[in-house]
Amino acid sequence: LGVTRLAALAPGKKIQVGVQIATQTAINPNLRTTFSNVNIREYSFTFKFIPTSPAEANIINKIIKTFKMAMYPEPIQSVSGGYRMSLGYKLPDLFDIRFKYRGRDARMSKLEYCYLRNVSTTYNPTQQVFFKDGQPSEIDMTLSFMEYRALNKEDMMNGY
């Protein structure tokens, strides 16, 4: 190990590598990690829609559009000299997601208020069948949420 440490002082990597191979030793870098932040939790929920009529397919399209609209912010704009300029955004809707079982809170971790980050749709994932008006007969929708803030130990004690 002493020879390996000495070889580490030599210029160039060839001597260091040669000594490591010959002695079959390596210096322990004693790396440690330091705490820097708390990750914000993310969740995905997938829903399968199988409409039985074009009218139900229309309702499903409205549901999807409602979620897509809630995902995006409203622009704060200024009109000057006939030009419209975006100055910023009003934050998008926050979701209060709760899990219920038979009308009561389910025995699951609570979620903090969330922003909807993504709406993903897959049309006719199992077969290419359409209604006469061209609407798909099956739609999978995945909603991806992110809590609006990072949590801490106190939040965990409160059921989050």
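First, the ground rules. This is a predicted model, where local features need pLDDT of at least 70, side-chain atom pairs count only at pLDDT 80 or more, and totals for chains, interfaces and linings use all residues. Residues are numbered from 1 along each chain as its sequence is written, and side-chain values use heavy atoms, with hydrogens and water left out.

Now the core. In soluble globular proteins, nonpolar side chains tend to be buried together. Here the largest nonpolar core has 16 residues. A nonpolar core means buried Ala, Val, Leu, Ile, Met, Phe, Trp, Tyr and Cys residues joined through side-chain atoms within 4.5 Å. Leu 116, Val 119 and Phe 145 have the most contacts inside it. Strand E1 (42-49), helix H3 (54-71), strand E7 (114-123) and strand E8 (139-147) each supply at least two residues of this core. Helices (H or I, at least four residues) and strands (E, at least two) are DSSP runs, numbered from the N terminus.

Next, Ser 137. It sits in the loop between E7 and E8. Buried or exposed, this Ser 137? Ser 137 counts as buried because its relative accessibility is 15%. Buried means under 20% relative accessible area, exposed over 50%, partly exposed in between (1.4 Å probe, protein chains only). A polar atom of the Ser 137 side chain lies 2.9 Å from the backbone oxygen of Val 129.

Last, the surface. Lys 153 is in helix H4 (residues 153-157). Lys 153 counts as exposed because its relative accessibility is 70%. Met 85 is in strand E3 (residues 83-90). C-alpha to C-alpha, Lys 153 and Met 85 are 43 Å apart in space.

Conventions. Polar contact = N/O pair within 3.5 Å; in protein donor to acceptor, adjacent residues only side chain to side chain.
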